[in-house]
Amino acid sequence: MRSFTSVVAALLAAAPLAAQSPAAAATSPAASDSRIAGIVAAVSADRLRADVTRLVGFGTRHTLSDTLSQSRGIGAARRWVKAEFDRIAAACGGCLDVFYVSGMVGPAPRIPQPTEIVNVVAVQRGTSDTGRYVLMSGDIDSRISDVMNATDSAPGANDNASGLAGTLEAARVLTRHRFAGSIVYAALSAEEQGLYGGQILAKWVQEHGWRVTGVLNNGMIGNVQGSDGVTDSSTARVFSDGTPPNETEQERARRRLTGGEVDGVSRQLARYVDRIADRYVPGLDVWMIYRLDRFGRGGHHRPFADLGYPAVRVMETHENYDRQHQNIRVDDGVHYGDVLDGVNFDYARKITALDAATMAALSWAPAPPRAVRLGGAGQPAAVLTWSAPEDSADVAGYRVYWRRTDSPTWDNWEDVGTATRHVFTGRIVDNYFFGVASVSREGYESVLVFPGPGDEARRAGRPADQPVRPASP
Ligand SMILES: [Zn+2]
């Protein structure tokens, strides 16, 4: 996002203090920029095309389709995805653990018989903070007009072979590097039947106690000709919840007194993705959408967001409704169906590069700070305090941020060294929002933590159960 209004807001907000403006602060060491720029440049439109073509070649990948055929149906498709992750693992000396995470679903509204829902998961183990994860996903399954039709041709080229191909390609590119934190590449099933694959994996992640700093779910990433008549290959949408749906009544009550309706963990992740696009992905601008997902529709980031994990949906800006969830046909000269021709692979390359750059930056960065608290009511300056993260050896310092409450982006920041407390001289706590991130020696920055009691519990998949101090009048 680079709107004129945000630039103006930044200038206004920064005026009284000699803080760094966004442009001036883009001073990370060249090494970090060039490593991420290299990741962005390494993403291949040709490999995305090859993967989408291969996935379309399974005829249908409907969740209830044949699982025994070697050439058609979701069984063959998921075995191919597993084999592809295995090939990527072999090419990096076994740096990926590849396995299935499955569960039985049904009878359910769109799954009439008990059916095994099978996800394919590949984990690139971190080098130092191995219990911390970022996760990226695409969907294996496809559908046509009738969501229960499991036999007719359902190519699902854009929905969601494109998103899954992006996940495979991110794995190819990122496995050439080693990261402090762990990275998960997930191919999820049964999205169209009710988000079941994501529910199974999110619950599994919670049961395993993973600390999750971000979930990027690739929606459709290849359509550039929208049903709205717009052709656009230079923007991507990032959808995020304003606040976690599982916040406690105490948290809700506290938030009403301290603010933060647009500052939940998923929204901070969306802002991070937005900044990564601005800094590293040429020709792609992020349009943050302040919604969990499209109006009334579902996506596979939602099961993770439901449990309170930071999770966003990354996808094309202009959808084409003739080319999704449609039988392949021509009506009145209009071509319907989610076929290969509808996918723009250079556009899919840019969104995949955004995913990969985001995961690289988060995984080279230290863990985010803990126990971030804001104070300063009735005083001439806001005071932010925090604690070091678990892997504080990786922390070179902290970066504090502030913005006007009506700005969508963190427009102002200052590096404060290894201090764990900062006084915002001259900034009244009532008038701004504040946050803090950890920064590595190389300049890689964690996701920002907004002050409040729930964040770290949520990243660990636990309910926020810390006691809340009563507010003073
Ligand atoms: Zn769909």
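The model is predicted, and the values reported below were computed from its atoms.

The zinc ion is coordinated by D159 through OD, by E192 through two OE entries and by H325 through NE2, at 2.0 to 2.8 Å. The angles among these 4 donor atoms run from 52 to 148 degrees, and the site is irregular. Along the chain, the donors of the zinc ion follow the spacing D-x32-E-x132-H. Because D159 lies in helix 5 (residues 157-174) while H325 lies in the loop between strand 8 (311-316) and strand 9 (329-331), the pair ties together parts that are 166 residues apart in sequence. With a relative accessibility of 9%, D159 counts as buried, since the cut-off for a buried residue is under 20%. H325, by contrast, has a relative accessible area of 21% and is partly exposed.

Helix 5 also holds other residues for which details were computed. N158, which is placed in helix 5, counts as buried at 6% relative accessibility. Between N158 and M288 there are 130 residues of separation in sequence, and their C-alpha atoms are 21 Å apart in space. The peptide bond that leads from D159 to N160 is cis, with omega near 0 degrees, and N160 likewise has its place in helix 5. In the loop between helix 5 and strand 4 (181-188) lies T175, which counts as buried at 6% relative accessibility. A polar atom of the T175 side chain lies 3.2 Å from the backbone oxygen of R172.

A cis peptide bond is also found between G106 and P107, where omega is about 0 degrees; P107 is located in the loop between strand 1 (96-105) and strand 2 (115-124). As background to these cases, most peptide bonds are trans, and most residues other than glycine have a negative phi. L195 has a positive phi near 60 degrees although this residue is not a glycine. L195 is found in the loop between strand 4 and helix 6 (196-207), and at 11% relative accessibility L195 counts as buried. A positive phi, of about 50 degrees, is likewise present in A371, which is not a glycine either. A371 belongs to strand 11 (residues 370-375) and, with a relative accessible area of 26%, is partly exposed.

Helix 10, which covers residues 345-364, contains 20 residues and reaches 28 Å from its first C-alpha to its last, close to the 28 Å expected at 1.5 Å a residue. The N-terminal end of helix 10 is capped by N344, which has a side-chain oxygen 3.1 Å from the backbone nitrogen of D346.

An open sheet is formed by 3 strands in the order 14-13-16, with antiparallel pairing. Its edge strands are strand 14 (412-415) and strand 16 (432-439), each of which pairs on one side only. Neighbouring strands of this sheet are turned against each other by 20 degrees on average, with direction ignored. Strand 13 (residues 397-404) pairs with strand 14 in the antiparallel sense over 4 bridges, and N412 in strand 14 is the bridge partner of W402.

Note on methods. Residues are numbered from 1 along each chain as its sequence is written. This is a predicted model: local features need pLDDT of at least 70, side-chain atom pairs count only at pLDDT 80 or more; totals for chains, interfaces and linings use all residues. Side-chain values use heavy atoms; hydrogens and water are left out. Helices (H or I, at least four residues) and strands (E, at least two) are DSSP runs, numbered from the N terminus. The expected span of a helix is 1.5 Å times one less than its number of residues. A polar contact is a pair of N or O atoms within 3.5 Å; within protein, one must be able to donate a hydrogen and the other to accept it, and residues adjacent in sequence count only if both atoms are side-chain atoms. Donors are N, O and S atoms within 2.8 Å of the metal (3.2 Å for Na, K and Ca); water is not among the atoms, so sites may look incomplete. Four donors count as tetrahedral if all angles lie between 85 and 135 degrees; four count as square planar and six as octahedral if opposite donors are over 155 degrees apart and all others between 65 and 115; anything else is irregular. Buried means under 20% relative accessible area, exposed over 50%, partly exposed in between (1.4 Å probe, protein chains only). Two strands pair if DSSP finds at least two bridges between them. Axes are lines fitted to C-alpha atoms, for helices over the stretch in contact, and angles run from 0 to 180 degrees between N-to-C directions.
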